[in-house]
Amino acid sequence: MKIITFLSTLNRRWVYTLVWIAVIIPLLFPMSFKINTTPEVQSLYDAVENVPDSSTVLLTFDLWPNALAETEPMARTALHHLFRKNCNVVTLTTIPLGGPSVAERVTREVAALYDKKYGVDYVNLGYKPNYVSVLRGLATSIESIYPTDNSGTMLSQLPLMHTVKTYDQIAFIFIVADNGIVDNWVSIVNAQFGKKMCAAVTSVMAPKLYAYMGSGQLTGILGGMKGAAEYEQLVHKPGLATIGISIQSLVHFLIIALIGLGNLGFFLERRAKQKEARG
Amino acid sequence: MLYCFVRHLTTRLLTGLLTIVALVTITPAQICAQEAPAGFFRTDRINMLVAVIFFSIVVLIYTRWAKQGKPLFIRKINGLDAVEEAVGRATEMGKPVLFIPGLQEIDEIETIAGISILGRVAKITAQYETPLIVPVRYPMVLAAGMEVVEQAYTEAGRQDSYNKDTVRYVAGDQMAFAATVNGMMVREKPAANIFMGAFFAESLLLAETGNAVGSIQIAGTARPEQIPFFIAACDYTLMGEELYAASAYLSHEPLLLGGLKGQDLMKLVIIASIIIGIVLTLFGVQTTFTSWFHQ
Amino acid sequence: MRTTLPLILAFISGIIMVVSFFINPEQKVLGDISQELLIWASIIGGFSFLLGAVSITRVNWRSYKTRRPGWGYNLVTIVGVFMMAIPALWPTSWLPESMASLAGRNAGSVYDWFFLYLATPMSQTMFAILAFYIATAAYRAFRARSSQATLLLITASIVMLWRVPMGEALLRVIYDGLPEIINTYIMAGINMSVQRGIIIGAALGAATFSLRILLGIERTYMGKG
């Protein structure tokens, strides 16, 4: 049958074209949907809300530039949330390319909206190689691992770092990551030093983190663009994630339709072969 | 042989122990100057210490049994059995084999496992005289990979066939690496792709491109989030610890097999603890056993 | 000596890190030594970047010099490496004040410009290709060949619907509490238990591997098979 041949030999370029159309349509005709908050995101929001105002929070930018579409909205919203609570923010990254630059740009942009001063209200420690050394070393002395900040200024010259010496002075750790570094934060920092933390990760990584949330090692999870959109909604700062989730919705529906189509072709082909075998 | 093993083991343990004793008892000035600590050992981590000691003893016992020649059963892992078949296919087609030992640095366990498997695969490709391409992301992995492949060719008696450009440093950035390797796959059309190690977002990029050029693909990673992509796009997938078992499975070296069996026993102990813990918790029984699993 | 010394170093440094885990951090000797080792590891890691820069230049220069197929790309690679590295490392004091912001890695520098307007879009483009690849992989691989495959594709479809607001709205039409049921029983139930199993298994495998490295049984990191 023609349809069987068409479905079984469908050129992948047609699939690519359909995906392209599914992405373009919501951009041209914006759609908005009610975004319900999942328990994991609500838990993360509550955990950050419960951090005492004016305490110091460690915000990590463990992200490569390729996943910025998912991770940057999470980092921005986290900064809005923390600065609104008057928290001091110390940022660092375990990713050499992207982490320091993104942290610098995003933090300064958001900090300017709240009149926050660098060195007093927030500090960017930047990147140091060998993340295991960094994560373990910060427990003993931040200054021994990061003698200077990302711009090369000695930590002793930054007022905020006079009071933040180890994990003991950090009330909460907010991890924004697009790779497996969350496992190391949990197994090294949470398991060994008992620091409370939450994780904002790409949607691919989120299912794994349910295990850590179930055991209480993570207080909350933001998973992908949906998690970022939910968090933006809770913090009342709608941004790129809220726009992007409508695009993602259409693509998801397309993929489900393609799965259905593929299976239709599979069953028709199998039935035709069975008919042929029966003669 | 047993004597040599015991002697080596004792030597290593003694060296370590003496080192620790030296560090602790040969008192530097800073210790004398300080107040006595509340306690030398962290008693809140005794449960971890017991687990580490038990685990180490179990692994060493099984390693010793393996060296003594005791047969140790390992279940069939289809993906690893397919490696030789994949290399054979590549030889018949006159196409190369592409091997990627993951995208992490040499200090990562998954990369070391990948390099270890590379050694076995390189030996097979040397025997079959099949070209091998190994793109790597980090220079230290390049150095380790080159040594391992060269040694494999030497052991196979094909040192003359060894090509220095077998292991290639391609790019440091994840997506640049994926783009380069995709280009390699499209141009050189390898008959077999073997992905063994740590992979991230580029896993589907690599596997789907490999599928598009018609390669047989075997993947292995301990990253649970990437396993679904490999399952969708590859012919065989090794999940989680099967990657770490691969080295022992392919070589059948007693030392490696022993470690594998020891690890399996530890898993049984954990399963038993979980079941006992569930039963005790269900009936609301609080014992020392349950408190051992609290931090 | 070439083989024995690295093994001894690996054993001693590994044992120090393991033992320091069980020692009170106020006990300064091992605490200080372990902290020193961590700093050294960080410094050595930094040197590996230098090694990387030398390697990439050498490999690409050789390909360019011998005019291997695709040598143009090798030349572009070398130019790209130095185009970003030189401005990033250039001392700001060597430039007139009006141009000082171009050097270094801060916002507004040449390095930052290349990162923001070249490296980032190119990386994101490669990542975006995944959307297309996932569609073709799903179309090709998610077939109901067996009962397990059928279960996989049904679960995948349900979770894909649950994960987006439009899909969630559709699920609520079927039953109002359906998204919460999916979250509780699939994500926080089946998924969590499976992930735990894989994490524990992988961790045990890594622990065995580490023990083998510590005892010198596994020597692959030295280039020995």
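1. Let's start with chain B: 47% of its 295 residues count as buried. A residue is buried if 20 or more other C-beta atoms lie within 10 Å of its own, exposed if 12 or fewer, and partly exposed in between, with C-beta atoms placed from the backbone. Please keep in mind that this is a predicted model, where local features need pLDDT of at least 70 and side-chain atom pairs count only at pLDDT 80 or more, while totals for chains, interfaces and linings use all residues. Residues are numbered from 1 along each chain as its sequence is written, and chains are lettered from A and ligands numbered from 1 in the order in which they are written.

2. Chain B has 12 helices and 6 strands. Helices (H or I, at least four residues) and strands (E, at least two) are DSSP runs, numbered from the N terminus. Among the contacts in chain B with a separation of 6 or more, 72% join residues 24 or more positions apart. Two residues are in contact if their C-beta atoms, placed from the backbone, lie within 7 Å.

3. Now look for the sheet in chain B: it is open, has 6 strands in the order 3-2-1-4-5-6, and the pairing is parallel. At its edges are strand 3 (167-169) and strand 6 (236-239) of chain B, each pairing on one side only. Two strands pair if DSSP finds at least two bridges between them. On average, neighbouring strands of this sheet are turned by 15 degrees against each other, direction ignored.

4. Strand 1 (residues 97-100) pairs with strand 4 (residues 192-196) of chain B in the parallel sense over 4 bridges, and B:Ile100 stands opposite B:Phe195 in strand 4. Strand 1 of chain B also pairs in the parallel sense with strand 2 of chain B, over 2 bridges; here B:Leu98 stands opposite B:Ile133.

5. How many residues of strand 2 of chain B are buried? The count is 5 of its 5 residues. B:Leu132, B:Val134 and B:Val136 point one way from this strand, and B:Ile133 and B:Pro135 point the other way. Helix 7 (residues 174-188) of chain B lies across strand 1 and strand 2 (132-136) of chain B, running at about 165 degrees to strand 2. Axes are lines fitted to C-alpha atoms, for helices over the stretch in contact, and angles run from 0 to 180 degrees between N-to-C directions.

6. Next, the chain contacts. Chain B gives 66 residues and chain C 53 residues to their contact. Helix 6 (residues 139-155) of chain B supplies the largest share of the chain B side, 9 residues. That side has 42 nonpolar, 15 polar and 9 charged residues. Ala, Val, Leu, Ile, Met, Phe, Trp, Tyr, Cys and Pro count as nonpolar, Asp, Glu, Lys and Arg as charged, and the others, Gly among them, as polar. The contact of chain B with chain A takes 8 residues from chain B and 10 residues from chain A.

7. Finally, helix 12 (residues 240-278) of chain A and helix 5 (residues 147-162) of chain C have axes that come within 9 Å and cross at roughly 160 degrees. Helix 12 of chain A is therefore roughly antiparallel to helix 5 of chain C (under 35 degrees is roughly parallel, over 145 roughly antiparallel, 65 to 115 roughly perpendicular and the rest oblique). Their contact has 6 nonpolar, 2 polar and no charged residues.
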